[in-house]
Amino acid sequence: MGSRIPSTTKAVVIQKCATQQKSVYHDAVLVTKPIPQLKPGEVLVKIAAAAFNHRDIWIRKGQYPRIAMGSAFGADGTVVAAYDPNDPLLQKRVFLTPMRGWEKHPDAPESDFGILGGGNLPPLGTFSEYLAVGRYELIPTPAHLTDVQMAAWPLGGVTAWRAAHVYAQVQSGQNVLITGIGGGVAIIALQICLAKGASVYVTSGSDEKIRKAVTLGAKGGANYKNKQWPAQIGTLLNNEDLDCVIDSGGGDIMNQTGKYLKHGGKIVCYGMTASPVINFTMRQVMKNQQLIGSMMGSHQDLKDATQFLEEHRITPVVSHVLRGLEAAEEGFELIKRGDQFGKVVIEISPSMSQDKAKL
């Protein structure tokens, strides 16, 4: 390893809130950290861009498991270089897998499961200039994507893929409802389902976000702030049934959509932003409707999803691009307000262009 390798890196880390507050909201602080000496099989990578996820807000609120003070935030990112002089990944554009402990089992993690960012399994986060990681945790970046676009993919991509492809098994000609459009996972699920040839309907609390989803290819949508939104989706379906629902809200989603979901239809839930409880009644039992919980996915799922992304030249939607780690607090505020349509991304190394991504 040459003399150009830095010994320290700037990173945005979680620290216990310094002031007394009615509700917990830990600090996000820019610090300088030492870069550890590389071990066999590791490479040093430079992060070009990293994306926010709503879990970063939950971590600051103390509402996520395994929070580790001093850990860097961020579960998404794009790597632009490797420092092992004999490694074929040197000067290659790659991205990090955001999970650990789930390699390829079709049902669930094989071992203790962890997600990058703000925790201790692993103690890594992509809101950092440099990261030392095992080379096995890197996947080549598709050539049609920029670093900023790629940063919007890993966590949202694997979550949407497992929900839409593995569990819902969306196929051409089917009718799919995706709730909460505007979030990164929901938009990627929309793009995956459209690429598969499905007809997609959406819900949102924003009419503008529904219009943007229609621009991307959705057939139409309904504002969930209107109590009649299920009937509005039913009208859009024009006497056809939904084959599946990809949901992030929880709550009464089974009863709200059950009338329009076919016998044997599936509701795949990857989040519960509306309520941590889902009502499941005899009505759904009589219709053989299925409720499936879905939490991210495996390393193999992410590789399969990225291959699909590349084959169909899908471009993840980026809502806001912030410049430098110093702008991290602005990103947290954007996520808290929920104004974004797509991912909020920090461009950490803006001088590194896509075709000159080397050190």
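## Charges, fold and cysteines

The 37 positive and 31 negative charges of the protein chain have mean positions 2 Å apart. This is a predicted model.

**Overall build**

The protein chain has 10 helices and 19 strands. How does its radius of gyration fit a compact globule? The two agree, because a compact globule of 359 residues would have a radius of gyration near 21 Å and the protein chain has 21 Å. Along the principal axes, its C-alpha atoms fill a box of roughly 70 × 50 × 40 Å.

**Surface and burial**

| Property of the protein chain | Value |
|---|---|
| Residues that count as buried | 55% of 359 residues |
| Accessible surface | about 15,900 Å² |
| Share of that surface on carbon and sulfur atoms | 50% |

**Cysteines**

How many disulfides does the structure hold? The count is zero. A disulfide is a covalent bond between the sulfur atoms of two cysteines. The cut-off for a disulfide is a pair of cysteine sulfur atoms within 2.5 Å.

Is Cys193 buried or exposed? Cys193 is buried, with a relative accessible area of 0%. Buried here means under 20% relative accessible area.

How values were computed: Residues numbered from 1 in each chain as written. Predicted model: local features only at pLDDT ≥ 70, side-chain atom pairs only at ≥ 80, totals over all residues. Heavy atoms only, no water. Helix = DSSP H or I, 4+ residues; strand = E, 2+ residues; numbered from the N terminus. Rg over C-alpha atoms; globule rule 2.2 N^0.38 Å. Buried < 20%, exposed > 50% of the residue type's maximum accessible area, 1.4 Å probe, protein only. Areas by Shrake-Rupley, 256 points an atom, 1.4 Å probe, with all protein chains shown as cover. Lys, Arg positive; Asp, Glu negative; His and termini not counted. Charge placed at Lys NZ, Arg CZ, Asp CG, Glu CD.
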